[in-house]
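I opened this notebook to record what I looked up about charged side chains. The entries follow in the order of my reading.

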Amino acid sequence: MDTRNPIPKQNISFISTYNKNLLKFQKDIENQPEMAEETRREINKKLRSAIKEITEFYGKKIENGINPAAVAMKNLQLLRIKYSLTAIKCGDTDWEAFQISEFLHRNIDDFIKSSHCTLTLDEQTTQRIDSTLRNTVWLSCLYNFSRELVYQNIDAPQNRENKLFYGVFTRLRTTGVPGSLACVIANAQAALTLCRLSFGEECAQQDALYCDVKEVVEFYDDYLQARQSGEEVSFLMQNAYFKRDKTLIPADAKHNIAVGYYEKVTEYL
């Protein structure tokens with residue numbers, strides 16, 4: 001990176017402070033791969049707050065006529081991108097965090113491809129923010145969130161425009177599937193899609209998580225079909241997956257399905 005033209009002291013202080021904080025966040029994330037969900041949420045929140053502050057600081061410099069190609073401005077561009085990538089790394093705890101990660105991913109790509117970004121391809125590679133590494137961060141987020149969707153009790157997204165979730169959830173509710181069960185099934189189907197997408201051009205068929213999610217989604221599909229045709233009882237009595245001690249069917253969902261099963265059985269007594 002061009003080091004000509006001295007950086008004003010105010011900019012040095014701002015950049016130095018945010019660089020130090022970023023290193024701390026990155027260290028915390030890397031050293032705690034199994035970090036508690038609440039801690040990840042808190043770090044993600046702080047990172048997003050920093051992104052806003054950096055963006056505002058950068059915007060004021062642009063308004064004051066500072067050349068985007070100036071050293072300090074390039075450093076601010078780097079900070080904004082690196083903070084965004086770090087936020088994406090821990091932005092997989094719920095639908096809201098994931099959707100913000102999706103926004104940050106698109107925002108970074110759009111910015112780097114625009115004339116506003118003055119970082120060269122060599123600088124992007126040196127700083128580990130090139131397209132390959134950015135894509136790796138995003139695909140990892142897709143994979144990690146797909147795992148969260150089936151292993152954790154993830155609430156429905158607040159954004160009703162989320163077609164990936166509500167396209168399934170709304171259809172299930174109109175057929176009389178209880179809300180909690182519809183949520184679980186919609187999350188599982190979303191997980192399958194996201195897990196498959198996380199492999200990019202590669203095949204996901206041999207991945208353990210993908211195979212597990214595919215299996216539970218197939219169970220839900222078969223169960224819903226049996227439920228619709230009135231063959232729920234015979235299906236559940238014969239289904240080996242439902243009878244297993246350990247599956248990806250959450251306990252509450254399995255209970256709801258079982259309650260429906262016993263109610264049907266009672267009708268025949």
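I took a salt bridge to be a side-chain nitrogen of Lys or Arg within 4 Å of a carboxyl oxygen of Asp or Glu. The model is predicted, and by this criterion I found 11 salt bridges in the structure.

Entry on Arg 40. I looked up the partners of this residue. Asp 92 forms a salt bridge with Arg 40, with N and O 2.3 Å apart. Asp 92 belongs to the loop between α3 (71-89) and α4 (95-113), whereas Arg 40 belongs to helix α2 (residues 37-63), so the pair ties together parts 52 residues apart in sequence. I noted a relative accessible area of 3% for Asp 92, which is buried, and of 14% for Arg 40, which is also buried.

Glu 148 forms a salt bridge with Arg 40 as well, the closest N and O atoms being 3.9 Å apart. Glu 148 is in helix α6 and Arg 40 in helix α2, so this pair joins parts that are 108 residues apart in sequence. I recorded Glu 148 as buried.

Entry on helix α4. I found a salt bridge between Arg 106 and Glu 102, at 3.9 Å from N to O. These two residues lie four residues apart in helix α4, about one turn of the helix. Arg 106 is partly exposed at 43% relative accessible area, and Glu 102 is partly exposed at 32%.

Entry on a network. I noted that salt bridges link Glu 37, Glu 38, Arg 41 and Asp 94 in a network.

Entry on Arg 128. I located this residue in the loop between α5 (121-126) and α6 (131-151). Phi of Arg 128 is near 60°, a positive value in a residue other than glycine. Arg 128 is exposed, with a relative accessible area of 58%.

Technical notes
Residues numbered from 1 in each chain as written. Predicted model: local features only at pLDDT ≥ 70, side-chain atom pairs only at ≥ 80, totals over all residues. Heavy atoms only, no water. Buried < 20%, exposed > 50% of the residue type's maximum accessible area, 1.4 Å probe, protein only.
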